[in-house]
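Good morning, everyone. Please have a look at the structure on the screen before I start.

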Amino acid sequence: DPPATPADLDAQDTSNVDEIQPGGIAGYNLDGTGVTVGMWDSGYVRFTHEQIIGRATQEDWNSTPYFNAHASHVAGIIAGNGTGNPQAEGMAPNATLLCWDTLNDLSEIDANAQRISVSNHSYISSVGIGHTCDSERTLSASNSHGNYGSRDQALDQLVLDHDLIMVMAAGNARTSSGVDGYDSLPSGTAKNVMTVGAIADRTEEPPVPDDSSMTDFSSWGPTDDGRIKPDVVANGQSLLSMGPNSDNDYYENSGTSMSTPVVSGIAACLVQQYRRYFSGNNPAAATMKGIIIHTARDGGSQVGPDYRFGWGLVDARAAADFIANRGTDGNGIVLNSYTDSFLEYPMTYIGNGPIKATLVWTDRPGTPVSS
C-alpha cells in the first residue's frame, strides 16, 4: 500500500491554513482561540475524543451512548488539535465547539446565535434533513434543486437578525442530476449564507484549483433565480478526521460535508484575526463573506465567478493578509450602511495590475417560490 496521506493536513495546505496557524510562515499564529463555532449535524459529536476534549459540548445531550460518525468527523475538521494523530489536526485547533443535532436547528440557531461567531451546517436543508456524506451521492435529481424555499427564507432572516457567519454545504447531488450536472443544488441556496463546494487537494505552491481538481459529486449552481452558488470551494475529498467509536478513533470521508467545516474553521481563525486589527470587534457576516470571496483563488478554466467553483478556492493566508494589510498597499475594508442614498468611494490607482472591488451585503429574506 502507498504511504498514508495526511488528509486533514492536505486540506490545510490546499487553503493555506498551515501558513496562518501557530508556527506557520505568516507569523499570525491563528488557531481559533476565543472563537466559538456552533455546529448542527446529523447526530451527537463524540465530545470526549482526544482531538477536542475540553473544548466541545453537545448542547442537546440526553445521555445516549450513541455518537454519530458524520458529526464527529465534521467536528474534528473544524477544531481537532492533532492530539494522538497529528495528521487529523483541524483548521482551528483551539476553537470552542457548541454542538446540536439538526432536529430543531432553526429555533436553536435563533436562540443561541449570540453565543457563537460562526455556524457550520454540513447537511441538506432544502429538500429534506440529511447529511451530505458519501452514501448520499446517489441522491436523485429533484425539481427542488436550486430552489429558494421557506427554509432558505428562514436562514436569511437568521443572518439578518443576528449577523451570524453561516457556512453551509452545497450537497453531493451532481452525478445523479443530469448530463452536465448544473442546477444540482439540494441545499445552500439562501442568499446570506456561504455555500461551499468540494475539490480534491491541491498541495502545490501556490495551489491551482483547475478543472481537474473538481470532485465528481460536488453540486453546482445556479440557483433557480440565477445567483452564483456555491460561493467558494475547499478540499472535500478523503479527509481524515475523528471517528465515533472510541476517543482515538479515526476514519476518512469525502463530501461537501467535509469542505464546509474546512471553511468554518478558516472563518474562526479569521474572526480571531479580525478582532486583532479591529479593536476586538467581530466581523459582520457580510464582511467575512466579502473577505473570503475577495481573496479566493479563481477556480477552473472559466475566468471569474462561476456555477462550479463560485468565487474560487478559499485562501486563508490571503484573507488573513488582507485583514492585516487594510489601509496599506491599496487594501481597504469599508463598512457602511445603505439607506437609499448615493455613496461614492474615490480611489487613486498608483500601482500595476488589476483592481478588484467586492461588494457584499446581508439581504432581506426573499419570497419562497414553488419548486
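First, the ground rules. This is a predicted model, where local features need pLDDT of at least 70, side-chain atom pairs count only at pLDDT 80 or more, and totals for chains, interfaces and linings use all residues. Residues are numbered from 1 along each chain as its sequence is written, and side-chain values use heavy atoms, with hydrogens and water left out.

Let's start with helix 5. Helices (H or I, at least four residues) and strands (E, at least two) are DSSP runs, numbered from the N terminus. Helix 5 covers residues 256-277, which is 22 residues. From its first C-alpha to its last it reaches 31 Å, close to the expected 32 Å. That expected span is 1.5 Å times one less than the number of residues.

How many residues of helix 5 are buried? The count is 19 of the 22, so the helix is largely enclosed by the rest of the structure. Here is the scale: buried means under 20% relative accessible area, exposed means over 50%, and partly exposed is in between, with a 1.4 Å probe and protein chains only.

Next, the cores. A nonpolar core is a set of buried Ala, Val, Leu, Ile, Met, Phe, Trp, Tyr and Cys residues joined through side-chain atoms within 4.5 Å. The largest one has 70 residues. Met39, Val45, Leu97, Met166, Val262 and Leu270 have the most contacts inside it. Helix 5 gives the most to this core, with 10 residues. There is also a second, separate core of six residues, including Ile199, Met214, Trp220 and Leu313. As background, in soluble globular proteins nonpolar side chains tend to be buried together.

Take Leu97 as an example. A contact means heavy atoms within 4.5 Å. Leaving aside neighbours within four places in sequence, Leu97 is in contact with residues including Val37, Ile52, Ala75 and Ile78.

We work on a 1 Å grid over the protein atoms alone. A cavity is a set of points where a 1.4 Å probe fits but cannot get out. A pocket is an open set with protein on both sides within 12 Å along at least five of seven lines. Lining residues have an atom within 4 Å of a point. Grid points are joined across faces, edges and corners, and a volume is the space filled by probe spheres set on the points.

What is the volume of the largest pocket? It is about 2,000 Å³. Of the 41 residues that line this pocket, Gly332, Val334, Thr358, Leu359 and Val360 are the closest to its centre. Helix 6 gives the largest share of the lining, five residues. Leu359 sits in the segment after helix 7, and it is exposed, at 70% relative accessible area.

The largest cavity is about 30 Å³. Its lining includes Ile165, Met166, Ala285 and Lys289. Strand 7 (165-169) and helix 6 (285-294) each supply at least two of the lining residues.

Last, the backbone. Most residues other than glycine have a negative phi, and most peptide bonds are trans. So where are the exceptions? Ser279 has a positive phi, near 55°. Ser279 lies in the loop between helix 5 and helix 6, and it is exposed, at 72%. Asn29 also has a positive phi, of about 55°. Asn29 is in the loop between helix 1 (7-14) and strand 1 (36-41), and it counts as partly exposed, at 39%.

Then there are the cis bonds. The bond from Glu205 to Pro206 is cis, with omega near -5°. The bond from Gly221 to Pro222 is cis too, with omega near 5°. Pro206 lies in the loop between strand 8 and strand 9, and Pro222 is in that loop as well. Ser218 is also placed there, between strand 8 (194-199) and strand 9 (232-235). Ser218 is buried, at 0% relative accessibility. Its contacts beyond four places in sequence include Gly171, Arg174 and Thr256.
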